[in-house]
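The sequence and the structure are shown first, and the description follows.

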Amino acid sequence: MTWRVYTEAGAAGYGVFSVFWSALFLVVGVLFGLQQEATRATAHTERERERAANTERHATVSAARTRSTSLWIFAAAAALLVGLLVLATSPLWAVPSLGAQNAGLAWFVAAGAALNCVVAAASGVMAGSGMWRQLAATVALDGILRVVGVTAVLSVTDDIVPLAIAVIAPFPLSLAIVFVSAPRALVANARVAITARELVVNTGRTMLAASATAVLINGFPLVLSFFAGPDNHAELGSLVLAVTLTRAPILVPLTALSSFLVSRFSHHPERTGRTVAYLLLLIAAVIAVLCAAAWLWGEPVMRFVFGPQFDLDAGVLAALIASSGLIGGLFVSGSAVLARNLHGLYAAGWVAASLVTLALLFLPLPLPQRAALALAAGPAVGLATHLVALRMLGGSRSTALA
């Protein structure tokens, strides 16, 4: 899909599309915090119910039911609020990043963000309750429908409005298709043993961390557009393309699996240290191979596939791949911290990473080198924050710092 948009719309057209995409998925990235808290709340509720059933403590089950909250209702309220906030803030970001002629795309960003609130909550319910087939189907359908929709639109036109519709339509369609396969389970499992107030507070913390995550990942092209300027979409297009493609091998699977990691760490806290170490070593090995390949063949391959308008050297490509490994490690460490109910430390790691990244973007360097350095240093600081916290806590399940 990236190749098709870039070749059909050109570097400038892809620049506009990528900024719209980034604006939408920046908000979607923030809402990933809702999914993470829904996963944690559902997993902990399931674990408490299993424990109560095994020990025949019926009073505990009854107590959990009396203070339960429906994640569907919570998601609907969040959708309304998020949609209104995106529209209310659009004068601050739409024209500077998209240009005056494309500022109306803010409406599509608001609609897509609101729809994704419900998808995020439902995905958390599926992950927390072990409905892995439904979760995998939701993720797969979302991606497939978006590729098919965008490709179909590009076969007729490269106008940004129908492309925007094709991007946001898979949110409700994928969830609706999956919902009909297990409606009772999805409704029942969405009742979590937590008060609405606690859910709001916890979700606020995870969304704070997800906001920092979104700056580093989904929203980074939007951030870069402010440094490149609204009239340099052609220059921005090559850099955004490189950032997107060099991250995909690591971040796509880890993003999809992060809810699984939270659920696994929640159900098996005694295995956290070993699992985190194994995953970090695996990421490091994959990144080493990909960096070597990018250094040797990255530049000629990218120009062969995307044409001579692609203008980044092998060193930048290798540095961007290395930075994606550090962000991937931050996903792993963050899942381990969140599973222990340490919402404050979870947010601290991601916020530290985003602040360092943003600060380094002000350095007087060419934009590609500046972006690569910022994307590597920020996540390194965040990863260190999480690992130090996990090391200090050891096997403790204390929530004092949450």
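## Nonpolar core

The largest nonpolar core has 119 residues, and Phe20 and Trp350 are those with the most contacts inside it. Helix α4 (residues 106–128) gives the most to this core, with 14 residues. A nonpolar core is a set of buried Ala, Val, Leu, Ile, Met, Phe, Trp, Tyr and Cys residues joined through side-chain atoms within 4.5 Å. Buried means under 20% relative accessible area, exposed over 50%, and partly exposed in between (1.4 Å probe, protein chains only).

Leaving aside residues up to four places away in sequence, Phe20 touches Leu98, Leu105, Phe108, Val109, Ala164 and Val167; a contact means heavy atoms within 4.5 Å.

## Basis of the model

This is a predicted model, in which local features need pLDDT of at least 70 and side-chain atom pairs count only at pLDDT 80 or more, while totals for chains, interfaces and linings use all residues. Residues are numbered from 1 along each chain as its sequence is written, and side-chain values use heavy atoms, with hydrogens and water left out.

## Overall build

The chain has 15 helices and two strands, taken as DSSP runs numbered from the N terminus (helices H or I, at least four residues; strands E, at least two). Of its 402 residues, 52% count as buried. Among contacts between residues at least 6 apart in sequence, 83% join residues at least 24 apart.

## Second largest pocket

The second largest pocket has a volume of about 540 Å³. On a 1 Å grid over the protein atoms alone, a pocket is an open set of points where a 1.4 Å probe fits, with protein on both sides within 12 Å along at least five of seven lines; lining residues have an atom within 4 Å of a point. Grid points are joined across faces, edges and corners, and the volume is the space filled by probe spheres set on the points.

This pocket is lined by 20 residues, of which Val27, Val30, Val82, Leu85 and Val86 lie nearest its centre. At least two lining residues come from each of α1 (2–55), α3 (71–98) and α9 (196–216), and α3 gives the most, with nine.

## Ala294 in helix α12

Ala294 lies in helix α12 (residues 272–306) and is buried, because its relative accessible area is 8%. Ala294 and Ile321 are 27 residues apart in sequence and 8.2 Å apart in space, C-alpha to C-alpha. Not counting residues up to four places away in sequence, Ala294 touches Glu299, Ala314, Leu317, Ala318 and Ile321.
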